[in-house]
Amino acid sequence: MAKPEYHFGLHSVEALLQIQPESILSLFILQGRDDARLTQVLAQAVPHGISVQRASRDTLAKLAGSPQHQGIVAAVRAAPSLNEQDLEQLIQREANVFLLVLDQITDPHNLGACIRTAAAMGVHAVVVPKDRAAGLTPVARKVAAGGAEKIAFIQVTNLARTLASIREQGVQVIGTLLDEQAKPVDECNFKGAIAIVMGAEDTGLRRLTQAQCDQMAYIPMSGQLQSLNVSVATGMVLYEACRQRGQDL
């Protein structure tokens, strides 16, 4: 039997209770904490018969691997990882699939923030490479504030090959890069089946990734800085895509 994963933070645990309560093996809560917010979350565990144990702050920190546990940790059955086959099935299922692809995002905080925004903007799945990229760690889940439980997280072996494959399936791939051939983000067409590709702020998109993009977009900026944190840039591009796609709803 696989070892359980430990998810922490009020939003993350609450999302699990709402969407995947059967995956929770037990809850650990901070000894002495009895406020309304925690009581509200624990009330959702009662109908599912989930055991609740009191634990010290240090014990919670060890389980979570972080002191930022907000007084609650869930022991969860490890979920099966999603791969290229799952992505293909998703594209077949969703006529106007909306994907966010992250190229070499190694910081779990940035990953979690991107997932949180993606969930809010109606993205169906976040796609990342297996290597040289952050995975869906408990820290990323906490930062995602429940978003990780609401959209698919897919890890692929070869990102460039995956992009080539989804293009063959009719998905338009839009990369983000400050380049003379790129269009301002508000002039790009984000309707239909699309995959938006974001790179790390320090390295951007890899050359092989760029080669699989149908078009490039950039965020016009008038200030002195010409780069943004990837999670901020992701939010801006996804908002424009969501705005355009919402016009047909």
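Biologist: Which residue has a side chain joined to that of S231 by a polar contact?

Modeller: This is a predicted model, in which local features need pLDDT of at least 70 and side-chain atom pairs count only at pLDDT 80 or more, while totals for chains, interfaces and linings use all residues. Residues are numbered from 1 along each chain as its sequence is written, and side-chain values use heavy atoms, with hydrogens and water left out. A polar contact is a pair of N or O atoms within 3.5 Å, where within protein one must be able to donate a hydrogen and the other to accept it, and where residues adjacent in sequence count only if both atoms are side-chain atoms. At 2.4 Å, the side chain of S231 has such a contact with the side chain of N229.

Biologist: Is S231 buried or exposed?

Modeller: S231 lies in helix α9, where a helix is a DSSP run of H or I with at least four residues, a strand is a run of E with at least two, and both are numbered from the N terminus. Buried means under 20% relative accessible area, exposed means over 50%, and partly exposed lies in between, using a 1.4 Å probe and protein chains only. Because its relative accessibility is 14%, S231 counts as buried.

Biologist: Which residues does S231 contact, leaving aside its neighbours within four places in sequence?

Modeller: Contact means heavy atoms within 4.5 Å. With those neighbours set aside, the residues in contact with S231 are N110, A113 and C114.

Biologist: How are α5 and α9 oriented to each other?

Modeller: The axes of helix α5 (residues 108–120) and helix α9 (residues 230–246) come within 9 Å and cross at roughly 15 degrees. These axes are lines fitted to C-alpha atoms, for helices over the stretch in contact, and the angles run from 0 to 180 degrees between N-to-C directions. Angles under 35 degrees count as roughly parallel, over 145 as roughly antiparallel, 65 to 115 as roughly perpendicular and the rest as oblique. The two helices α5 and α9 are therefore roughly parallel.

Biologist: Which residues of α9 meet α5?

Modeller: On the α5 side, the residues that take part are N110, A113, C114, T117 and A118. Their partners in α9 are V230, S231, T234, G235 and L238.

Biologist: What is the relative accessibility of Q244?

Modeller: Q244 is also found in helix α9, and, not counting residues up to four places away in sequence, it touches V185, D186, C188, N189, F190 and K191. A polar atom of the Q244 side chain lies 2.9 Å from the backbone nitrogen of F190. Q244 counts as buried because its relative accessibility is 7%.

Biologist: How many of the 10 residues of helix α1 are buried?

Modeller: Helix α1 (residues 10–19) is mostly covered, and its buried residues pack against β1 (5–8), β2 (24–30), α2 (36–45), β4 (72–76) and α6 (138–144). The buried residues are L10, S12, V13, E14, A15, L16 and L17. Of the 10 residues in α1, the number buried is seven.

Biologist: What is the relative accessible area of V127?

Modeller: V127 is found in strand β6 (residues 125–129). Apart from neighbours within four places in sequence, V127 is in contact with L87, L100, V101, L102, I154, V156 and L159. V127 is buried, and its relative accessible area is 1%.
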